Amino acid sequence: MTRECSLLLPRVCAALADPRQPGSDDTCLEKLLDWFRDLTELDPAVKLVQDNPCLTEFIASVLALPEPSPTILAFTLRLAGILAASENCFQHLQQEKLLVRLFGRDGPLNSAVWEDASVRSGWVEGVHSMMHHQPALHFLCSGGGIDVIFTLQGDPSLFVASAASQLLVHMLTLSIESETTKPLGTKDCDWPACAQMIIKHIEDSLQSSSASHIEQSLKLLTSLFGSCRAAWTEALWLGVAKQIESFLMEETVQAQHMVANLLLNMACSPVFCDTEGSFWALVTSALERLTPLQAGPLAVGILRLYKCPQDVRIQALTVLLQPMDCILRAASQPLEYAGLLDESVSDPITVESLLSSKSSCASLLCQTLAHLEELLSLTRLPVDLPYTSLLRSLMTILQFCSGFLSPASPLGSTISRILINCFRVQRSALEVLAALSERRGCDTLIGSLFDVLLAYLESPNTSPTVLKKTFQATCKWLVRLQELSYSNRQWEQAKKILEDVFLVLKKHLCSPCWEVRDSSLEFLTVLIKCSRDHDEFSQSLLSSEVPKLTEDLLEDPESYVRASAVIAVGHLAFITYLAPESPVTGNQYNKENTVAKLQEILSTDPEGFPRRAVISIFTKWLKQDCIGQLEETEQFVSRVIQTVEHDLDWEVRLRGLKLVEVFCTHTICRLGLPRCPCAPVSSAVTSSIYQNESLQIFCRAKLFSFLFRSLCDCDKPVGHRACHILLVLRSNFCSVSTLKDSQGTGDSPAAHSIAWLQRTLRQGSLAQNFPADGGDRVDFQDPESMMLALGTIDFEELHDELNKSSDHVEKSPQSLLQDILATVGTIEENEADCY
């Protein structure tokens, strides 16, 4: 600890213990505790306490207060726990009789301040912090503290109750792992004393008639088996397994859903997943007896496991698919197609009753669909899903929700009435539908699938949110359709579907709802990204009115839509006139007109979103070498950065620097350098011809003016990016000898200007303080001056400064302690409260 902190610490302790003060700022106290944790990790806590007796004096003075502030008392409890984590410091605090007054029966437990949840939370956290050695364990168990923790499991504050449960798990683990030397059995005498107390509490709670006590113990066991993978957990389980099993048999027990969470955590543990017999038999029983809503999370969790008996995995899959099977069977009677299941795990009547109830139908389907999407997101599925039947079931759900299906069965009619316009189920079904596009085996239904998707796209009742999900699913299946049409030569079907999609898209681009217009443009952009290399797609798109309507939306009154239109137009350009062999003829799509429109948006649009979109599109064009010849690209970049330089949106300026970075790489590569400036490297091989030509291009484009002004930008990310680019340029233009020569040329007028520039940069002067180019100041368009600037200015120093966070000084320990003093009123009139 620094000398300054040692001097300040007594003042802080005195200030915090002052009864006249109402208390300190919570954030300051939290940071101070973090600082103490860091100190105790670096040095023994006992040394910290011995070198700073003010700490024990502070604890004693807080305990002596008749009515301490709850905030300060909670802080004191937590601080004492941090210090007592060291066994030697624990003994020291014990000798001072401080721990028993904080955490024993005579402490805050029996005072009025215990009613404050922050004090109870501080007590639990303090105890948890010091539980790193046996003396602390024995102190708590022998002093009755463990009974307090048992009580706090049911605390009205959920934070306190959860912390108490986690503390018991920690104590049980510490007791067993620090006090046993041989494998444990199931008899009480085999467990250490503290562990016996906790285990007895768990067993008694599980056997009690109190639902809350049962839930507390189930939560504790769930947490234990989730965090501890030791072999002794099996011995513990054998003592409670019968009681847990009884909960599944008693339909009146409300904690059955918690049993599912417990079994899932156990199934993930190598202690249980490798075993045969009773545990997996209990899992099987749970899958059979729990309701579909309760068993769903357990089923999907098991399906994600690779170590699991095959019969249990099949049963879990059956539980998950049962609602989807019921939907398919309810759509028509007799069943027109094969269902998903040959037989059910539980009584089908249970699932049917849930689906025919308005209160549970949507919840069950949404949960099932979420689990299916989770499984489909896995790279490798441990089970085979019946993809065709699953797709048919999803289409049925979507038809139920839209009212497009008239089921013949009474159950189907009931489900359809419940699901009509149910946005939650529609969104979930569409998400699974999109995920299913990446799985093979659904190709025979693709025509029927697009009938459903197009019906959703065309329906005026489709909400904007559902429409967006429909667009996403449609895009994924269109990509799949094009793959099929290419491989099977079935282009006619794909062409007809694309025409229908673009016809619907045309209508939505003219929608009075801006969210619909925006989603339509996003859909178009994604579709172009995925399909622009397919000639049939390009022809179908360009023969529609979609491109013209998209360009019209560049003038949309809504800024979000204008931004999306910019992105869509930018990607359309790859098809219309930027592609090597564009299918477009005539003047319908003119590159110069589009560029002019986008540049106008960049310079005049009042909102930031469209301007950011323009600069992003220009950068994408430049990356893909679509602007033109080098001279044309130079002029284009120059115009753009002169516009961006004065933009008030820092993100636009930052994206302008990204454009500059791409242009530099583009130029250097075009001029024939065998490598691109992706990272600073030695440039001894760089020829003077290459240097001169590149420098002249960059100076004519006014790149250096933009970069040096950006170095002084008031937004640090802009300066940081500019500094990085200049460092890369220096590595490509300046050899080591050049750098030495540059530092020795101090008498030329250019050198004086560069010296002024370096002083300006060090001062962090704002860009508007820069003088005009030319004259006796810095000429940013002079290659010789810029070469001198690159070789002279210490960009590493500037880079280090820009890397520092703005509060690097305020985060020092000394400043933190001063803030503590300020918040409790010992600095005149609370001059500074950084928090």
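## About the model

The model is predicted: local features need pLDDT of at least 70, side-chain atom pairs count only at pLDDT 80 or more, and totals for chains, interfaces and linings use all residues. Residues are numbered from 1 along each chain as its sequence is written, and side-chain values use heavy atoms, with hydrogens and water left out.

## The whole protein

Let's start with the big picture. The protein has 43 helices and zero strands; these are DSSP runs, H or I of at least four residues for helices and E of at least two for strands, numbered from the N terminus. Of its 835 residues, 54% are buried (under 20% relative accessible area, 1.4 Å probe, protein chains only).

## A closer look at helix α21

Helix α21 covers residues 361–376 and spans 23 Å from first C-alpha to last, close to the expected 22 Å (1.5 Å times one less than its number of residues). How many of the 16 residues of α21 are buried? The count is 12, and among them are Cys361, Gln367, His371 and Leu376. The buried residues of α21 pack against α18, α19, α20, α22, α23 and α24.

## The largest cavity

Rolling a probe the size of a water molecule over the atoms shows where empty space is left. Here, the search finds four cavities of 30 Å³ or more (sets of points on a 1 Å grid over the protein atoms alone where a 1.4 Å probe fits but cannot get out).

The largest cavity holds about 80 Å³, a volume being the space filled by probe spheres set on the points. Its lining residues (an atom within 4 Å of a point) include Phe404, Asn421 and Tyr456.

Conventions
Buried means under 20% relative accessible area, exposed over 50%, partly exposed in between (1.4 Å probe, protein chains only). Contact means heavy atoms within 4.5 Å. On a 1 Å grid over the protein atoms alone, a cavity is a set of points where a 1.4 Å probe fits but cannot get out, and a pocket is an open set with protein on both sides within 12 Å along at least five of seven lines; lining residues have an atom within 4 Å of a point.
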